[in-house]
Amino acid sequence: MDYYMDSDLIDAVSWLAGEFSQLIEDPFSDYENEYPIVTITKTSSEFIPCWSSIELKNDEIVMSTSVPKFTVNEEINKKIYVGSCDILSLEVDSIAVFLEESNKYKSKLAKRVVIQSGGQIDYDRILRLRSGESLLARVYNVGTDNVIFAMVSHFSSKYHEASSNILNMTIRDCLKSAIEKGIEVIAFPVSIDDDVYYPMLQFLDTLLRTLRRWLELPEINSKIRRIYLITHVASSYDDSTVSSSRSLNCMQVVGSKDNSKNLFNLLRRYFPKNSYDELLSADLTTSGDVNGEISSEERKIRISGGFESHSSKPLLNLGESLRVSNDSKSTQEDSDYAYYLKLSYSISRLPIYKEFERSKFVVRCGNDREKRPVIAINAKSFNTAEYTYSLCYILGVIKPFIQHKFVIAVVNLDHSMINSTTLLKLLRDLCEVFGEKRTKNIAAIYFHRCSWALRSYLFLISTFLPTEVWDAAVFVDSFKEIAHLGLDPCDF
């Protein structure tokens, strides 16, 4: 716990330092003096070899006997090109340049693009991007005519899956930005650690997983002709000539030996070229969902064997377009609510429904002084193994008065850290099921004996919830503080 708290504190201080530096410093003053506008010798994309043409030795022992996660797809493999050069010199339709939201002025590559373009780019508009968003801009005096500026979040080792999913969303938005402008060729750097704090292996894994999954989609595959994976080698502004990739051997094409090993190891797994590579893909930790996003149990409600259907439905689908209207968002929320409401009706006919009633996991406790219905949820009686059933049971209890103001009291959060953290995730998911309109009917949520660690955890997992949820949150230490709700401590 101390390790994570120290890590979070360092991240917070770094973010504050970055924000203050943006307010008091001119981000381009020193950089323009050090790197004036120069003529860049362009690198033809024809010098970059296709992944299908690169031959590798089968010198890695296949350890897994599981089913391969990816199979050979020649059509997709022919769209992937791997090489090394100054990415800004490459003659392609567009390139992706990444920035970090917590330190937007760190990216030297982004600054160089702006300076090379003679200040003709609205950089303030780029800095207003949020994590997961991208912006395509016309650029000058570089190899490409278009740059897609992409904003990512600071990598968190503690929440690495969340960091990966935000990066996944950013990469997909880059592809969408390119497709919307009719761009068929895009180059991605295989590492961004010079511009963004993001470990190379984690970045590369997310990049390749996202590209593979989206290229499997016919609507994407038909509109993307080539994707270049480039090991960026910064050129000297005094001599910007780039070595021809054509004269380099396979391992030299992608830069250093360690970097090339990581790249080829992952390429063989995500874009296998033969049966040997397919076997290697079996040892991947995850292949992601249809969008390449990591979908763990704590972020997805699955319909268990007790229901008729065996499919699963994510509570929050980041694969949908980021450019949706409020009307379509509302329609989606209503659809999700109706979907899970039907599941709540289903469990009323199952034996587990009686078990919930006997356990007093959720209790209807009458009304408070303002005549608002009160629901008490007891963390001590929460069975973490019945996550889906628990959510559906709570939804069924709240359904009769969900269109009006009501109060939730979550008690005994000090009983078990495992129970409490899982229950808080369940409440987060419950709000996602409610949708913004119904969530606003929560007049108050009382958290009984909620430690500072749990409060921090609750804040982190509930970032995307409406602000009304946090306005309604009240933290109490004893039942006396919630006596006006009509709760009997003997019942809990």
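1. In this predicted model, residues 24 or more positions apart account for 79% of the contacts (heavy atoms within 4.5 Å) in the protein with a separation of 6 or more. Buried residues, meaning those under 20% relative accessible area with a 1.4 Å probe and protein chains only, make up 51% of the 492 residues.

2. On conventions, residues are numbered from 1 along each chain as its sequence is written, and side-chain values use heavy atoms, with hydrogens and water left out. Local features need pLDDT of at least 70 and side-chain atom pairs count only at pLDDT 80 or more, whereas totals for chains, interfaces and linings use all residues.

3. Helix α6 has 21 residues and reaches 30 Å from its first C-alpha to its last, close to the expected 30 Å, a span taken as 1.5 Å times one less than the number of residues. Of the 21 residues of α6, 16 are buried, which leaves the helix mostly covered, and α6 is followed by G182, whose phi is positive, near 75 degrees.

4. Helix α6 (residues 160-180) packs with helix α7 (residues 200-215) at an angle of about 50 degrees, the axes being 9 Å apart. That angle makes α6 oblique to α7, oblique being whatever remains once angles under 35 degrees (roughly parallel), over 145 (roughly antiparallel) and 65 to 115 (roughly perpendicular) are set aside.

5. The contact is made by S164, L167, N168, I171, R172, L175 and K176 of α6 together with F203, T206, L207, R209, T210, L211 and W214 of α7.

Technical notes: Axes fitted to C-alpha atoms, helices over the stretch in contact; angles between N-to-C directions. Helix = DSSP H or I, 4+ residues; strand = E, 2+ residues; numbered from the N terminus. Buried < 20%, exposed > 50% of the residue type's maximum accessible area, 1.4 Å probe, protein only.
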